[in-house]
Amino acid sequence: MEIAQLKTILEAAILAAGEPVSVERLSSLFPEEQRPSKSLLKQALAALEEDYLERGIRLQRVANGYIFHTPSQLGEWIKGLWPEKRPRYTRAFLETLAIIAYKQPVTRGDIEAIRGVAVSPNIIKILLDQEWIESVGQREVPGRPNLYATTKQFLDHFNLKALAELPVLPALNETLMPMNTDEQDIKQIIQPPLESGAIMPAN
C-alpha cells in the first residue's frame, strides 16, 4: 500500500474515532494480508503530523495514541462556538489536582499536609468520576489510606505523552505550591474539562 493512501485511511480513522487511537488499534483496521508494518504506520503518522503543522487542527501523539486537536493559540476564536458560561475552578480544586500530578502517588492526608487544610471529599470524587485520577493502591500504615495518581486520560487532555512532559512550576519547592502562587499560573497547567457552569468545592 502506498503511503499516500495509508495516510488518507489513518486520517479518516482518527477523525472518526473522536478519541486517542493507538497504533495497535489502527493496525487492526486492516485485513491481515494487507496489514502494513508498524514502522510504516508510524512513518505515515509522522507524515500526517507534518502535514497539519500549519493547519487549523493538529495531529498529536498522547498517552493513549493519536488524536486531532485545535492549537491553543486559536482558542480566542473557537471559544465563540460555545457562548455558555465557563466553569469556575476553585483554588482548592486546582491545587489538589496539581499536587496529585506532581507528587503522585499521594494520599488524601499527603495533600492536606501540603495544602495545610482539609480536602473536600467532593474534590476527590469529582476527579475520580472524571477519570483524571485513580486509586493505585494503599499505603501500608494504620488505616491503609488510598494512594492516588493521575491517569492516561489526564495526559491525553493536556496533550502529554508522559508525566515527564509536565511543565515545571515557577515556584516549585518542598510544599509543591506555596500559598502565594498566582492562581492563573495554576490554571495554565491544570484546567479540567468540567461541565459548563460547574463550581468546584471550596476545600
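Accessible areas here come from the Shrake-Rupley method with a 1.4 Å probe, and for residues only the protein chains shown count as cover. By that method, the protein exposes about 11900 Å², and carbon and sulfur atoms supply 51% of it.

Before going on, a word on the ground rules. This is a predicted model, where local features need pLDDT of at least 70 and side-chain atom pairs count only at pLDDT 80 or more, while totals for chains, interfaces and linings use all residues. Residues are numbered from 1 along each chain as its sequence is written, and side-chain values use heavy atoms, with hydrogens and water left out.

**The overall layout**

You'll find nine helices and four strands; helices (H or I, at least four residues) and strands (E, at least two) are DSSP runs, numbered from the N terminus. Along the sequence they follow the pattern α-α-α-β-β-α-α-α-α-β-β-α-α. Of the 203 residues, 35% count as buried, where buried means under 20% relative accessible area, exposed over 50%, and partly exposed in between (1.4 Å probe, protein chains only).

**Helix 5 and its glutamate**

Have a look at helix 5, residues 91-103. Among the buried ones are Phe93, Leu97 and Ile100.

Glutamate 95 sits in this helix too, and it is buried, with a relative accessible area of 2%. Its side chain makes a polar contact with the side chain of arginine 115 at 2.8 Å. (A polar contact is a pair of N or O atoms within 3.5 Å; within protein, one must be able to donate a hydrogen and the other to accept it, and residues adjacent in sequence count only if both atoms are side-chain atoms.)

**Two cores**

A nonpolar core is a set of buried Ala, Val, Leu, Ile, Met, Phe, Trp, Tyr and Cys residues joined through side-chain atoms within 4.5 Å.

| Core | Residues in it | Some members |
|---|---|---|
| Largest | 20 residues | Ile100, Ile111, Trp132, Phe154 |
| Second, separate | 15 residues | Ile14, Val23, Leu48, Leu59 |

In the largest core, those listed are among the residues that touch the most other members. Helix 5 gives this core its largest share, six residues.

**A strand pair**

Strand 3 (residues 133-138) and strand 4 run antiparallel, joined by five bridges; two strands pair if DSSP finds at least two bridges between them. Glutamine 138 stands opposite asparagine 146 in strand 4.
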